[in-house]
Amino acid sequence: MRDRLRVLLVSGEPHAGERTWRNLLKADPSVDLVHFTILRPPEKQDGTPIRELSLIAFPIRELFEIKLDEFDLIIFDRYRRRGVLPQMYLENIAEYVQKGGALLEASGQGYATPLSLFRTPLGQVMPAEPTGQAIDRPFKPTVTEVGRRHPVTAGLPGDRPDGEPSWGRWFHQVEVVPGNGAVVMNGADDRPLLILDRVGKGRVAQLASDQMWLWSRGFEGGGPQAELLRRLAHWLMKEPDWRRTICAPMWTATASRWSAVPWSPTRAASP
């Protein structure tokens, strides 16, 4: 049983969704959250040094080589290749997963392009390959039959097995083809939206959309984003006793962008 859990969140650009990730993670007082946002868009070539692309220096070697194994979960949020993380560090993350680490990738538009993380050494642990297409039309995420038996999505508030779920719509999804793992949620045209997989000794989750923030804003009544992300994080980190706490209170919090905040999860268990 660990006293603290360490989570590294890397946002590829400023956007509405990064606050959702940050607030949910910071709400529980025994997680140490380290969060970096890359500020310059990839198309802006103004000579800015790589080290100045975040509000504070991005200690790449310290995070992705020296202290990588100290993190319980790594989240890439709307991240695309832009030269910030050299290939060798992405190889380190793939090895970290194989050895028992946890990785969550929330796909923005970049995952459908040649700049996708799938086109890096991380592709060997990602559960789904991009087709190069993005879907831009309204849809309601739905829980699959597999998902209704999986502890991350079983009994998710608002799910209706015999009808349309009660939560709000999303408007963007990256089209992907699952290679391994379990598709627990679908999106537009019943295409895979949330895929979970075990890789080596570790676990990986891929969310093929960056629109979960719409639920947190209450759009069309919102949705169970806090409960879903809580369950997802705990499943990824293989925390003990989470099946017993699956109905624990949802996370709610706001906090400053750059501080590392202690977080204390209601303990969760691997299925």
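Trp170 is buried in this predicted model, at 1% relative accessibility. Its ring pairs edge-to-face with Phe139, at 6.3 Å centre to centre and 70 degrees between the planes. Ring pairs link Phe139, Trp167, Trp170 and Trp215 into a cluster.

**Phe139 and Trp170**
- Phe139 is buried too, with a relative accessible area of 6%.
- Phe139 sits in the loop between β5 (128-135) and β6 (142-143).
- Trp170 sits in the loop between β6 and β7 (173-178).
- The two residues are 31 apart in sequence, so their pair ties together separate parts of the chain.

**Other aromatic pairing**
- The count of aromatic pairs comes to five.
- One of them joins Phe76 and Tyr79 in a tilted arrangement, with 5.1 Å between centres and 55 degrees between planes.
- Phe76 counts as buried because its relative accessibility is 0%, under the 20% cut-off.
- Tyr79, at 4% relative accessibility, is buried as well.

**Helix α3**
- Helix α3 covers residues 87-98, which makes 12 residues.
- At 1.5 Å a residue, α3 should span 16 Å; its end C-alpha atoms are 17 Å apart, which agrees.
- Buried residues in α3 are Tyr89, Leu90, Ile93, Ala94, Tyr96 and Val97.
- These residues cover an arc of only 155 degrees around the axis, so they lie on the same side of α3.
- Their cover includes α2 (60-66) and the strands β3 (73-77), β4 (102-106), β9 (192-199) and β10 (202-207).
- Gly100 follows α3 and has a positive phi, near 125 degrees.

Definitions and conventions: Residues numbered from 1 in each chain as written. Predicted model: local features only at pLDDT ≥ 70, side-chain atom pairs only at ≥ 80, totals over all residues. Heavy atoms only, no water. Phe/Tyr/Trp six-rings, centres within 6.5 Å; stacked < 30°, edge-to-face > 60°. Buried < 20%, exposed > 50% of the residue type's maximum accessible area, 1.4 Å probe, protein only. Helix = DSSP H or I, 4+ residues; strand = E, 2+ residues; numbered from the N terminus. Expected span 1.5 Å × (residues − 1). Arc of directions from axis to C-beta. Contact = heavy atoms within 4.5 Å.
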